[in-house]
Amino acid sequence: MQDAWVEPHHADVWITAATSAPGLPVRADLGFFLGPEQWREQLPRLAAERERVEGAAPGLLTAHTVKFFADGVIESGTAALLEPYTDCPHSHGIANWTPTELAEAVTAIDALGFQPHIHALGDGGVRVALDAIEAAAHANGPRDRRPVIAHAQLIDPADLPRFADLGVIANLQPLWAQPDRLMTDLILPKIGPERGGRQYQIAALLASGARIAFGSDWPVTDHEPLRGVATAVTRQTPEGVPEGGWLPQERIDTATALAAYSAGCAYQASEEKEWGVLRPGMRADLVHLAADPVETAPRDLAHLPVLGTWLAGRRTHGSGTPAPVPAGEL
């Protein structure tokens with residue numbers, strides 16, 4: 001998991017949790033928040049905090065991410081749009097950073113070896129985020145930086161191929177890709193049908209060659225991955241609306257959705273050689289489901305019981321006596 005908004009005092013809480021018995025039941029990456037106010041003065045602190053966190057609980061805690069907010073959200077009119085809001089023609093939303101300042105900040109943390117993680121929902125916010133990542137790559141040269149744009153709700157057609165071109169991971173929240181009341185009553189009236197019809201382009205990003213990783217944005221929405229898998233596959237509300245799915249061309253299959261929640265997250269965390277797939281020699285971070293999700297009807301995925309979980313072969317959820325995982329049986 002990732003805590004994508006860590007203030008200075010939060011690191012102590014994570015270190016205590018990781019170093020106190022019985023220890024964390026999950027691995028966690030801490031994403032240090034960096035705002036536009038006095039960000040240059042905060043850079044030495046970020047580097048020192050990374051060293052402290054990762055030295056406290058090796059294998060459980062990492063702190064290689066810095067979180068930026070390029071904009072807000074569409075439903076409140078604060079996401080940055082390239083064209084004005086349909087219901088508010090004088091407004092393009094709110095950009096939290098100037099393009100120049102964000103590019104300078106992303107370049108600076110990239111030079112320190114951090115992974116930039118940029119919240120951007122509007123197509124204007126996404127473009128500024130992509131521009132900042134491109135500027136950092138140009139200034140600092142090639143490296144395995146794996147930059148992240150979180151949410152990417154609305155992407156201008158000209159910018160969609162840039163995710164793959166720049167090696168940007170789209171961290172998407174599949175539970176949002178449904179026509180619930182938030183979408184129908186608050187979001188669609190603000191952006192109109194054309195922009196409304198190109199939201200959460202999961203399949204299009206994959207087809208372009210971009211990397212994706214799924215997340216929840218908890219506590220804003222439910223943290224349970226199986227609910228997100230079900231929505232990514234059906235693009236429907238829990239009541240099965242609409243028939244055939246909302247923007248059905250963006251539906252993906254169950255195996256792809258599971259990969260985004262497992263291998264995709266491992267790649268984002270730069271740990272794909274250690275965990276994220278079921279393979280001999282990996283860390284044995286396992287989830288035992290009551291049935292094969294690939295063979296389960298999409299409408300039933302959200303309710304598939306979880307019988308057990310393991311972290312490095314140690315049972316962290318479910319009944320029964322913990323036992324080591326035999327070699328070759330992952």
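What covers the buried residues of helix H2? In this predicted model, in which residues are numbered from 1 along each chain as its sequence is written, the cover includes helix H1 (10-19), strand E2 (28-33), strand E3 (61-69) and helix H3 (99-111).

The protein contains ten helices and ten strands, taken as DSSP runs numbered from the N terminus (helices, H or I, at least four residues; strands, E, at least two). Its radius of gyration is 20 Å, close to the 20 Å that the globule rule gives for 330 residues, so the protein is as compact as a globular protein of that length; the radius is taken over C-alpha atoms, and the rule is 2.2 Å times the number of residues to the power 0.38. Along the principal axes, the C-alpha atoms fill a box of roughly 65 × 55 × 30 Å. Buried residues (under 20% relative accessible area, 1.4 Å probe, protein chains only) account for 47% of the 330 residues. Of the contacts (heavy atoms within 4.5 Å) between residues at least 6 apart in sequence, 69% join residues at least 24 apart.

Helix H2 comprises 18 residues, 39-56, and reaches 25 Å from its first C-alpha to its last, close to the expected 26 Å; the expected span is 1.5 Å times one less than the number of residues. Within H2, the buried residues are Trp39, Leu43, Leu46, Glu49, Arg50 and Val53. In general, an α-helix has 3.6 residues a turn, so residues three or four places apart point the same way.

An open antiparallel sheet is formed by three strands in the order E8-E9-E10, where pairing requires at least two DSSP bridges between two strands. Strands E8 (286-289) and E10 (314-317) stand at the edges with a single partner strand each, so one side of each is left without a neighbour in the sheet. The twist averages 30 degrees from one strand to the next, with axes fitted to C-alpha atoms and angles running from 0 to 180 degrees between N-to-C directions. Four bridges join E8 to E9, and His288 stands opposite Gly308 in E9. Three bridges connect E9 (residues 306-311) to E10, where His317 is the bridge partner of Thr309. E9 and E10 form a hairpin with two residues between them, and Ala312 in the turn has a positive phi of about 50 degrees.

Definitions and conventions: Predicted model: local features only at pLDDT ≥ 70, side-chain atom pairs only at ≥ 80, totals over all residues. Heavy atoms only, no water. Buried < 20%, exposed > 50% of the residue type's maximum accessible area, 1.4 Å probe, protein only.
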